[in-house]
2 protein chains.
Amino acid sequence: MSRVVITVMPKQGVLDPQGQAVQGALARLGFSGVEDVRVGKRIELSVTGDDPAAAAREMCERLLANALIEDYRVEVGS
Amino acid sequence: MSRVVITVMPKQGVLDPQGQAVQGALARLGFSGVEDVRVGKRIELSVTGDDPAAAAREMCERLLANALIEDYRVEVGS
């Protein structure tokens, strides 16, 4: 059983409304000098099988990421 | 200007409905052997100032994380 971390972020150049909302809220709270906020997902899961990285990439392609607008990264731990 | 990565995850022991939904959806897609799915947020931002880590921790306390049910981690890059 491997612990896998999947990170899904909006692609560079794609509008990120959630990031914009966070940036605006931080400015209203008085945090100045905050720029280029991007908000994505971090998914941690345990996977059995011979090739957890390949399984996780397939999960991203089929469910967890939208390849049109998001990039994903898979890291396999112990 | 420092690039900061903030990770916000549900605390251990706190119910994670989004993780449960992902786990159910993966099972229905035929991914067997997936357990203990946790879904959190990854927030990337650029911050000016002398102590970007302290600023980011304050952002978490005031806006980005719910300390009752979420843990956060701050990493400062270059």
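**Entry 1: the interface**

I looked up the buried area first: chain B and chain A bury about 2700 Å² between them, and 62% of it lies on carbon and sulfur atoms. I note that the model is predicted. I then listed contacts and found 33 residues of chain B touching 33 residues of chain A. E2(B) gives the most, with 14 residues. I sorted the side of chain B that touches chain A by class and recorded 17 nonpolar, six polar and 10 charged residues.

**Entry 2: strand pairing**

I checked how E2 of chain A meets E2(B): 11 bridges join the two strands, which run antiparallel.

**Entry 3: salt bridges between chains**

I found two salt bridges across the interface of chain B and chain A. In one, Arg3(A) pairs with Asp36(B), with the closest N and O atoms 3.4 Å apart. In the other, Asp36(A) pairs with Arg3(B) at 3.5 Å between the closest N and O atoms. This pair runs from strand E2 of chain A to strand E1 of chain B. I recorded Asp36(A) as partly exposed, at 42% relative accessible area, and Arg3(B) as partly exposed at 23%. I also traced a network of salt bridges that links Arg3(A), Arg42(A), Glu44(A) and Asp36(B).

**Entry 4: Glu44(B)**

I located Glu44(B) in strand E2 of chain B. Glu44(B) counts as buried because its relative accessible area is 18%, under the 20% limit. Its side chain makes a polar contact with the side chain of Arg42(B) at 2.9 Å. Beyond its neighbours within four places in sequence, I found Glu44(B) in contact with residues of chain A, including Met9(A) and Asp36(A), and of chain B, including Arg3(B).

**Entry 5: salt bridges within chain A**

I counted 14 salt bridges over all chains. Asp71(A) and Lys11(A) form one of 3.1 Å between the closest N and O atoms. Asp71(A) lies in strand E3 and Lys11(A) in the loop between E1 and H1 of chain A, so the pair ties together parts 60 residues apart in sequence. I also recorded a salt bridge between Arg62(A) and Glu58(A), at 3.4 Å from N to O. Arg62(A) and Glu58(A) are about one helical turn apart because they are four residues apart in helix H2 of chain A.

Terms used
Residues numbered from 1 in each chain as written. Chains lettered and ligands numbered in written order. Predicted model: local features only at pLDDT ≥ 70, side-chain atom pairs only at ≥ 80, totals over all residues. Heavy atoms only, no water. Contact = heavy atoms within 4.5 Å. Buried area = accessible area lost by both parts, 1.4 Å probe. Salt bridge = Lys/Arg side-chain N within 4 Å of Asp/Glu carboxyl O. Nonpolar A, V, L, I, M, F, W, Y, C, P; charged D, E, K, R; others polar. Pairing = 2+ DSSP bridges. Buried < 20%, exposed > 50% of the residue type's maximum accessible area, 1.4 Å probe, protein only. Polar contact = N/O pair within 3.5 Å; in protein donor to acceptor, adjacent residues only side chain to side chain.
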